[in-house]
Amino acid sequence: MNIFHCERITKNYENIPVVENINLELPTGGFISLLGPSGVGKTTLFNVLAGLDLPDAGKVLLAGEDITGIGGRVGYMPQKDLLLEHRTVLDNVILPLLIRGEKKKTARENAAAFFPQFGLAGYEKKYPWQLSGGMRQRAALLRTCMTHNDVILLDEPFSALDAITRRHMQDWYRDIAANLKLSTIFITHDVDEALLLSDTVHILNGKPGKITHTMAVSSHRSEQKQAILEAIGLT
C-alpha cells in the first residue's frame, strides 16, 4: 500500500519548466531514490513534495489526502544540517516539538529518549561545533524525525561526509528507518548509494527534469549499476 505519492507534478520558474509530469509512489516502509545529474530539478521537486512550494500542475497525496502546498506533513532534511550553533544539540533537536506547541521541559524529555538510538547519548548538552560531520547529520536527522511524520525526504544528507563515515551513516540510517518504520524518498548523485539503500531507483534527467527510467533494485547490483550509468549518460 502506498503511503505517499505524487501525480503529474510540473513546476516552472519564469515560465520555464524545471520538472515535468513527475509521478512517484512510495509504499509504506519503502525506500525510493531519485538519481540524476545536477540541474535536473531534484531539489525543486522536493520543495513541492514537502509543501514548501506549489506545483504548476499535479498534486501530492499522503495516505490518500491531498496535501499539495501544505507544509509540515512530511519530514524534510536538506543537504546542509542547518543546526543552530548557539543552541545545544538537544535544543536543536526539540525545535519541531516547540513549534508544535510542546513545553520545553516535556520536549526535552521526549527527545532525549531517542538520543541513544541515534548514537547521540552524552551529547545532549554539546553544541553543534563540537560534533563531527557524522554526528551533526545524526542530530539533524533526529530533529527531522521529531516531526513525528512517517514520510521522510532526504536531500543528499551524506554527500559532505568522507567515504568511511558515509558508509557507516548509510548502514545506520537503513537500520533507523526499519526500526522507526519510516518511508523514505532520497536524493543522491551516487549510484552505489542508491542501489545500497533503495527498493526502487528513479532516474531524473533532462531539462525539464523527467523520470526517464525506473528500476526495482535486485541482487544483481553490478548489472544494474551499469544500466543506470548508461541511462544517465556516464558510459
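Start by selecting strands β2, β1, β4 and β5: these four form an open sheet in that order, with antiparallel pairing. Two strands count as paired if DSSP finds at least two bridges between them, and the strands (E, at least two residues) and helices (H or I, at least four) are DSSP runs numbered from the N terminus. Strands of a sheet pair through backbone hydrogen bonds, either parallel or antiparallel.

Now colour β2 (16-27) and β5 (65-66), which stand at the edges. Each has a single partner strand, so one side of each is left without a neighbour in the sheet. Next, zoom in on β5 and strand β4 (residues 57-62), which pair in the antiparallel sense over two bridges. Here L61 stands opposite D66 in β5.

Contact here means heavy atoms within 4.5 Å; axes are lines fitted to C-alpha atoms, for helices over the stretch in contact, and angles run from 0 to 180 degrees between N-to-C directions.

A word on what is on your screen: this is a predicted model, in which local features need pLDDT of at least 70, side-chain atom pairs count only at pLDDT 80 or more, and totals for chains, interfaces and linings use all residues. Residues are numbered from 1 along each chain as its sequence is written, and side-chain values use heavy atoms, leaving out hydrogens and water.

**The six-stranded sheet**

Select β6, β7, β8, β3, β9 and β10, which form an open sheet in that order with mixed pairing. The edge strands, β6 (75-77) and β10 (210-216), each pair on one side only. From one strand to the next, the twist averages 15°. Helix α1 packs on this sheet too, touching β3, β6, β7, β8 and β9 (200-205), and its direction makes about 155° with that of β8.

How many of the six residues of β8 (residues 183-188) are buried? Six of the six are, so β8 is largely enclosed by the rest of the structure; buried means under 20% relative accessible area, exposed over 50%, and partly exposed in between (1.4 Å probe, protein chains only). Show the side chains: S183, I185 and I187 point one way, while T184, F186 and T188 point the other way.

Strand β3 (residues 31-35) runs parallel to β8, joined by five bridges, and L34 stands opposite I187. Five bridges also join β8 to strand β7 (residues 151-155), again in parallel, with V151 opposite S183.

**Helix α6**

Pick helix α6 (residues 163-180), which makes a right-handed β-α-β unit with β7 and β8. Right-handed means that, with the strands pointing away from the viewer, the path from the first strand over the helix to the second runs clockwise. Helix α6 lies across β3, β7 and β8, running at about 160° to β8. Its buried residues include W172 and Y173, and the buried residues of α6 pack against β3, α5 (133-145), β7, β8 and α7 (191-197).

**Last stops**

Move to K104 in helix α4 (residues 104-112). At 41% relative accessibility, K104 is partly exposed. Leaving aside neighbours within four places in sequence, K104 is in contact with I94 and L98.

A search of the whole structure finds zero disulfides (pairs of cysteine sulfur atoms within 2.5 Å).
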